[in-house]
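Here is a brief report on one protein chain. The structure comes first, and the notes follow.

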Amino acid sequence: MIKVFQLDSYKIMPESPTFYGMNDKKLFDLDKHIDNYEHTATIDTNDLDEAFKIGNIGPIGKIDRFSLKFHSLSVGDILELNKEKYIVASFGFDKLGV
């Protein structure tokens with residue numbers, strides 16, 4: 001099972017988590033917003049790539065939503081697998097030390 005953590009982008013505007021990895025903290029500063037992530041869903045898989053696929057195209061039966069704020073997975077979302085956290089990057093996933 002993979003836990004999905006997401007931000008409400010409207011609350012942190014003009015910054016956006018979709019700018020994660022752009023090396024410009026004015027666009028998105030992960031450290032500044034890490035405490036604002038909310039556990040929005042759990043996806044029934046143990047594979048990050050499969051979780052990304054399920055989180056975007058289904059099947060919806062593999063997604064257990066905890067919040068109406070859950071949305072399709074995109075850059076800046078955080079996935080937790082076996083107590084290790086990964087952020088969705090523009091290509092693949094970056095392991096976080098949080």
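This is a predicted model: local features need pLDDT of at least 70, side-chain atom pairs count only at pLDDT 80 or more; totals for chains, interfaces and linings use all residues.

Lys-83 sits in the loop between strand 4 and strand 5. Its phi is positive, about 70°, although Lys-83 is not a glycine. Lys-83 has 78% relative accessibility, so it counts as exposed.

Asn-82 belongs to the loop between strand 4 and strand 5 as well. Asn-82 is not a glycine, yet its phi is positive at about 55°. With 65% relative accessibility, Asn-82 counts as exposed.

## Overall layout

The chain holds 2 helices and 6 strands. Along the sequence they run β-α-β-α-β-β-β-β. Of the 98 residues in the chain, 42% are buried.

## Nonpolar core

The largest nonpolar core has 14 residues. Those touching the most other members are Ile-2, Val-4, Ile-43, Ile-63, Phe-70, Leu-73 and Leu-79. At least two core residues come from each of strand 1 (2–6), strand 2, helix 2, strand 4 (78–81) and strand 5 (84–88). Helix 2 contributes the most, with 3 residues.

Nonpolar side chains tend to be buried together in soluble globular proteins.

## Around helix 2

A patch of negative charge lies on the surface, formed by Asp-44, Asp-47, Asp-49 and Glu-50. Asp-47 is placed in the loop between strand 2 (38–43) and helix 2 (48–57). Asp-47 counts as partly exposed because its relative accessibility is 36%, between the 20% and 50% cut-offs.

Pro-59 lies in the loop between helix 2 and strand 3 (63–65). The peptide bond from Gly-58 to Pro-59 is cis, with omega near 15°.

Definitions and conventions. Residues are numbered from 1 along each chain as its sequence is written. Side-chain values use heavy atoms; hydrogens and water are left out. Patches are made of residues with over 30% relative accessible area and no salt bridge: like charges are joined within 9 Å, nonpolar side chains (Val, Leu, Ile, Met, Phe, Trp, Tyr) within 5 Å. Accessible areas come from the Shrake-Rupley method with a 1.4 Å probe; for residues, only the protein chains shown count as cover. A salt bridge is a side-chain nitrogen of Lys or Arg within 4 Å of a carboxyl oxygen of Asp or Glu. Lys and Arg count as positive and Asp and Glu as negative; His and the chain ends are not counted. The place of a charge is taken as NZ of Lys, CZ of Arg, CG of Asp or CD of Glu. Helices (H or I, at least four residues) and strands (E, at least two) are DSSP runs, numbered from the N terminus. Buried means under 20% relative accessible area, exposed over 50%, partly exposed in between (1.4 Å probe, protein chains only). A nonpolar core is a set of buried Ala, Val, Leu, Ile, Met, Phe, Trp, Tyr and Cys residues joined through side-chain atoms within 4.5 Å.
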